[in-house]
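Subject: A structure for you to explore

Hi there,

Here is the structure I promised to pass on to you. Have a look around it first, and then read on for what I found.

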Amino acid sequence: MPRFYRLRTKLAVLYTALFAVALALLAITAQVMIRANAQSSVQAELIASGSVYDRLWQLRAKTLIDSADVLARDFGFRAAVASGDRPTIESALASLRTRAGVPYAMVVDLNGGVIGAAAGLAPIVATLPTALQDNRRDAVIASRSNLFRIVVSPILAPTEIGWVVFAVPLDTAEMSGLEKLSAIPLKATMLRRDVGDHWVAIDGTIAADPAIDALVMASRETRQLATLSLADGSAFALAKPLRGPGGRDEAALLIRYPLSAALAPFLPLRIGLALAGLIGIVLVVIASRRLAGDIAGPIMALDIAARTLEEGERTEVAISGHDEIGRLAESFNRMSAGIIEREHRISHIAFHDSLTGLPNRSYFRQSLEQSIVRAVRAGESVAILCLDLDGFKAINDTLGHPVGDALLRKVGEVLDALAPDGMVARLSGDEFAIILSGAFDADRPRALAQSILNATQTPIVVDGHQIASSISIGIAIGPSDGADPDQLLKSADLALYRAKHDGRGAFRFFEASLDEAARKRRQMEVDLRDALQNGQFRLNFQPIFDLKADRIGGFEALLRWAHPVRGEVGPAEFIPVAEEIGLITVIGEWVMHEACRQATAWPDHVRIAVNVSPLQFRHPGFQAVILQALSRSGLAPNRLEVEITESVFLAGETPVLTLLHRLREMGVRVALDDFGTGYSSLSYLRSFPFDKIKIDRSFITDLAANDSSSAIVRAIVDLARALDMETTAEGVEDRDQLAQLRDQGCGNIQGYFFSRPVEGSGVDALLKTVFAQAA
């Protein structure tokens, strides 16, 4: 019951909180609307008051100008100004000040002299009449502590002989007079520029503020309404810039309407909204508690049933009523009934392969772990057989994935039938595994593997197709080959790898040497990457001797690896590993660039020959690599010779021939290496005119002692001559071989008879050497 009351309280709080949020949003909306309405109303009143101030300002200017003009046109006054009669002028100015109601009246002559000046205005008004622009008669000027409104009237006799100048201070008294003219409680303040060019009040009540600066700037063309936060509170405000003699704003009239006064008429409405909100919250709290009580009970029942179901027990909820809660209870009961069924189905899917129905890798690993624990405890053995279909990818590619899936199902059925005493699992793709545990015969793993090979020797019929697919098997026995599932499975994988390496369609048991070989290979992979990164590779060069020109015609670049610990590592040892891990492309790119770079220092007739791996040749960027190597080194394309073997054609002739033609168009020479050791060399020669054929060393080794080898070499040389191709004989090691090759017309010789491969620094010396053997 305490949980019931807690739930009911939570629901009541939730509903109350939701209503409070809605009320808060309503209050915010109302406040925004009230503020917008107040701003609109104040804006209209401020603009109207601003217009009144403008008219009063203009009327005052006209009145002062008329008064000044009366005196300026008086004949006696003009005569006094013309003769310099100062007492008469001062008397007339005193009378004018009284009559016009201005505190300061002055006369400025043509020389800048000022009569009747006071309050330190003489220096300011002396140049004022001549400083006014655009025929203006009035302006606002600033002294050190005050602002003055100045009106100027010229004295003509008949030409201009001086000016009558009125000065009216724009002080607090003047602003009070303006405030009394408004029907609303406005505040008028005169602003002037401070030393930082900011607008401040002349009476010090308003300090510099970027908002005021922006308002005055924006009000030069049209009236702008802004909300200012000042020391005496927020207010709506308008500004009227007042121009000085030169046209620059020397002062500004700031008219303000306090925000509190603008919002005061809306205070009853705001109070009413607050009271309505409080009453609404009280009513919602009462209603929420009642509603929560009707909901909390059924929800608690559902919660208890859900916890029971979570613990794996079948449960149902009593249904009362047909409202939403009742329908929820019905849905829960249906869900409870379906969960048990789905759990069984999900459990099967989680631990079984969907294609074959066999246990999957997860189930296999759990079973293997349990079998190893039982075997160790009972002193027995556990065997696993890892199986892999040979050539399964080709079946998928040629016959399609549906046929491949059907084949996997067939194989799974065969394995399940042949191993009733074991657990057969499909690990992934075309990989299966079998666990033999308990007291099985020691020869059982071998016998089972042999029976599987026998069963798959005959083609399997799948969807009308007869598929000949052998199986390779790797066997590991635990705990001797592995005391945990990962180690035992790894041992079986190594044995499987050896079975595939030995020709496929066979089985092999795990041996410790396999693990050692795998570790060495993994270390080789790491070392290869370090060698490429740390510059451990170098190139040696073996000369190719041109028999017709009787000189060295080129060099073949040979990759060498100086390992910092193991010393020199032969290419036959590391090249296959580089091809398997895909590093041969990067290494081949380095070889191409380095060979071209070093060859640029050789004589123009000397070519550089670079062997290209089939994987590197078929890489999409191979042509770009050659272009970059030639462009960066500056080597002429006809001095580069790319050597390929017939294995590059295994993936299809068309793309290979297309690339070969592109290389020939670039000017790069192409040589067919190890000619005669492939299966269809003549067809390749017919399809593509190579620049050179390299005769494999296997035909040169016993050339002098074997007539058949001699006949083959002669046939190759004649064939190349007929196809207008050069020939190079590899592996020449004695004078008799050289003599026969000369007689048969071979064009180039390569082998230890002339020189072993030399480092790049030894090429120059070798080029200068005269080969006595060739004489």
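How many residues of the lining of the second largest pocket are nonpolar, how many are polar and how many are charged? The lining divides into 8 nonpolar, 7 polar and 9 charged residues. Please keep in mind as you read that this is a predicted model.

**The whole chain**

The chain has 775 residues, and 43% of them count as buried. Its secondary structure comes to 26 helices and 27 strands. If you take the contacts with a separation of 6 or more, 62% of them are between residues 24 or more positions apart.

Rolling a probe the size of a water molecule over the atoms shows where empty space is left. The largest pocket holds about 900 Å³ of space. It is lined by 34 residues, and Glu556, Leu558, Pro571, Ile575 and Asn611 are the closest to its centre. Several elements give two or more residues to this lining, including α17 (571–580), β21 (607–611) and β23 (669–675). The strand that gives the most is β19, with 5 residues. By type, the lining of the largest pocket has 15 nonpolar, 9 polar and 10 charged residues.

The second largest pocket has a volume of about 410 Å³. Here 24 residues form the lining, and those closest to the centre are Asp546, Glu726, Thr727, Gly747 and Asn748. Two or more residues each come from β18 (537–546), β19, β21, α24 (707–722) and β25 (726–730). In this pocket, too, β19 gives the most to the lining, with 5 residues.

**The nonpolar cores**

Which residues touch the most other members of the largest nonpolar core? They are Ile608 and Leu640, in a core of 77 residues. Helix α18 (residues 584–599) supplies the largest share of this core, 7 residues. Another core lies apart from it, with 31 residues, among them Leu385, Leu389, Ile395 and Ala449.

Is Asp527 buried or exposed? Asp527 is buried, because its relative accessible area is 10% and the cut-off for buried is under 20%. This residue lies in helix α16 (residues 512–534). Its side chain is joined to that of Arg566 by a polar contact of 3.1 Å. Setting aside neighbours within four places in sequence, Asp527 is in contact with Trp561, His563 and Arg566.

Ser362 sits in helix α11 (residues 361–378). With a relative accessibility of 41%, Ser362 counts as partly exposed, because that value falls between the 20% and 50% cut-offs. Not counting residues up to four places away in sequence, Ser362 touches Ala350 and Phe351. The C-alpha atoms of Ser362 and His352 are 8.4 Å apart, and these two residues are 10 residues apart along the chain.

**Some backbone details**

Most residues other than glycine have a negative phi, and most peptide bonds are trans.

The peptide bond from Gly478 to Pro479 is cis, with omega near 5°. You will find Pro479 in the loop between β16 (471–478) and α15 (485–501).

Asp550 is not a glycine, yet it has a positive phi of about 55°. Asp550 has its place in the loop between β18 and β19, and it is partly exposed, with a relative accessible area of 45%.

Asp724 also has a positive phi, near 60°, and is a residue other than glycine. It is found in the loop between α24 and β25. Why does Asp724 count as exposed? Its relative accessibility is 72%, and exposed means over 50%, so Asp724 falls in that class.

Enjoy exploring, and write back with any questions.

Best wishes

Definitions and conventions. Residues numbered from 1 in each chain as written. Predicted model: local features only at pLDDT ≥ 70, side-chain atom pairs only at ≥ 80, totals over all residues. Heavy atoms only, no water. Helix = DSSP H or I, 4+ residues; strand = E, 2+ residues; numbered from the N terminus. Buried < 20%, exposed > 50% of the residue type's maximum accessible area, 1.4 Å probe, protein only. Contact = heavy atoms within 4.5 Å. Core = buried A, V, L, I, M, F, W, Y, C linked by side-chain atoms within 4.5 Å. Polar contact = N/O pair within 3.5 Å; in protein donor to acceptor, adjacent residues only side chain to side chain. 1 Å grid on protein atoms, 1.4 Å probe; cavity = no way out; pocket = protein on both sides within 12 Å on 5 of 7 lines; lining within 4 Å. Points joined across faces, edges and corners; volume = space filled by probe spheres on them. Nonpolar A, V, L, I, M, F, W, Y, C, P; charged D, E, K, R; others polar.
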